[in-house]
Amino acid sequence: MVEIGNELAGKVALITGGARTKGQGAAEGRLFASRGATVVLTDVLDEEGERTAGEIENAEYAHLDVASESEWDAVVADVVARHGRLDVVVNNAGIARMGQLVNTTLDDWNLTLAINQTGVFLGMRAGARAMIEAGNGGSIINISSVAGMVGLFGSSAYGASKWAVRGMTKIAAKELGKHGIRVNSVHPGFIDTDMLAQGNFDDEQREKLARSASVGRLGVPDDIANMVLYLATDTAGFVTGQEFVVDGGWYG
Ligand SMILES: NC(=O)c1ccc[n+]([C@@H]2O[C@H](COP(=O)([O-])OP(=O)(O)OC[C@H]3O[C@@H](n4cnc5c(N)ncnc54)[C@H](O)[C@@H]3O)[C@@H](O)[C@H]2O)c1
């Protein structure tokens, strides 16, 4: 029986892209820690990451460029050496270089795939290897997007990476189920974080984005964190290989 309120007691969770205090990764870190987990927030923004983790009891920060195989191996080995286990990996780090097909440079394409797709591959692989070795099972949650559910106009590289994450999740779930490891993808709609701010939307455009959701508002990081928490815990013990859209009713 899962104890509500303390669902992640004794578990160790690694979250990528968790530095920005207004980001989804940090929200997940705060929620996980409040439910008993030891949280390792990682990112390439070291100063912000240290500050964000420092504000969460039971959290620490580690530098991890998700596109780097050697950094993944080193960080996961260090987490397991110091905490004895790794139970949850949230592959949340991402960049959004938006642009139509004919305007997308090869550099933008390669960088987007390196972080958003290869980063998830490396994260699932490093996490799964550690979880198999420890023999405790685990949960891997990959943050895709509604851009991985539909053909979103102007998302040539970003959409490709997010569709890839959706498929990679299902394949990994098939392979890892026998080890007690569940793998699911979460597909946020428009969430009010620094990433959305980088789109430089004016008030009218933000209002339009908000109205495009059935519930008539932009999402907040906790909207996503609540779904990620569910998938991380044993409450979701029979749930794997699935995609979870959290978008206020934009898709569908
Ligand atoms: N905000 C939205 O509307 C929205 C919608 C759908 C999906 N998403 C996805 O949600 C996830 C979290 O985004 P967010 O909205 O919290 O934005 P965010 O910009 O706050 O978070 C993304 C984080 O990823 C980090 N990052 C970038 N490159 C990295 C690398 N190479 N290695 C490690 N970390 C790296 C950034 O430094 C940042 O902290 C992303 O995968 C994003 O694609 C966001």
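Residues are numbered from 1 along each chain as its sequence is written. Because the model is predicted, local features need pLDDT of at least 70 and side-chain atom pairs count only at pLDDT 80 or more, whereas totals for chains, interfaces and linings use all residues.

The ligand is surrounded by 29 residues, of which G17, G23, A93, G94 and M195 are the closest; a residue is taken as near a molecule if its C-beta atom, placed from the backbone, lies within 6 Å of it. At least two residues of this shell come from each of α1 (24-34) and α6 (194-197), and α6 gives the most, with three residues. Helices here are DSSP runs (H or I, at least four residues), as strands are (E, at least two), numbered from the N terminus. By residue class, the shell comprises 16 nonpolar, nine polar and four charged residues, where Ala, Val, Leu, Ile, Met, Phe, Trp, Tyr, Cys and Pro count as nonpolar, Asp, Glu, Lys and Arg as charged, and the others, Gly among them, as polar.

Helix α3 (residues 69-83) packs with helix α4 (residues 106-134) at an angle of about 30°, their axes lying 10 Å apart. The two helices are therefore roughly parallel, a term for angles under 35 degrees; axes are lines fitted to C-alpha atoms over the stretch in contact, and angles run from 0 to 180 degrees between N-to-C directions. From α3, residues E69, W72, D73, V76 and V80 meet L122, G123, A126, G127 and A130 of α4, contact requiring C-beta atoms, placed from the backbone, within 7 Å. The residues of this contact divide into six nonpolar, two polar and two charged.

Within helix α5 (residues 156-176) lies G159, which is buried, having 22 other C-beta atoms within 10 Å; buried denotes 20 or more such atoms, exposed 12 or fewer, and partly exposed the range in between, with C-beta atoms placed from the backbone. When residues up to four places away in sequence are not counted, G159 touches A147, G148, G151 and L152.

Positive phi values in residues other than glycine occur at N58, near 75°, and at N200, near 50°. N58 is placed in the loop between α2 (46-54) and β3 (59-63) and counts as partly exposed because 13 C-beta neighbours lie inside 10 Å. N200, in the loop between α6 and α7 (203-211), is exposed, with 7 other C-beta atoms within 10 Å.

Note on methods:
Angles under 35 degrees count as roughly parallel, over 145 as roughly antiparallel, 65 to 115 as roughly perpendicular and the rest as oblique. Two residues are in contact if their C-beta atoms, placed from the backbone, lie within 7 Å.
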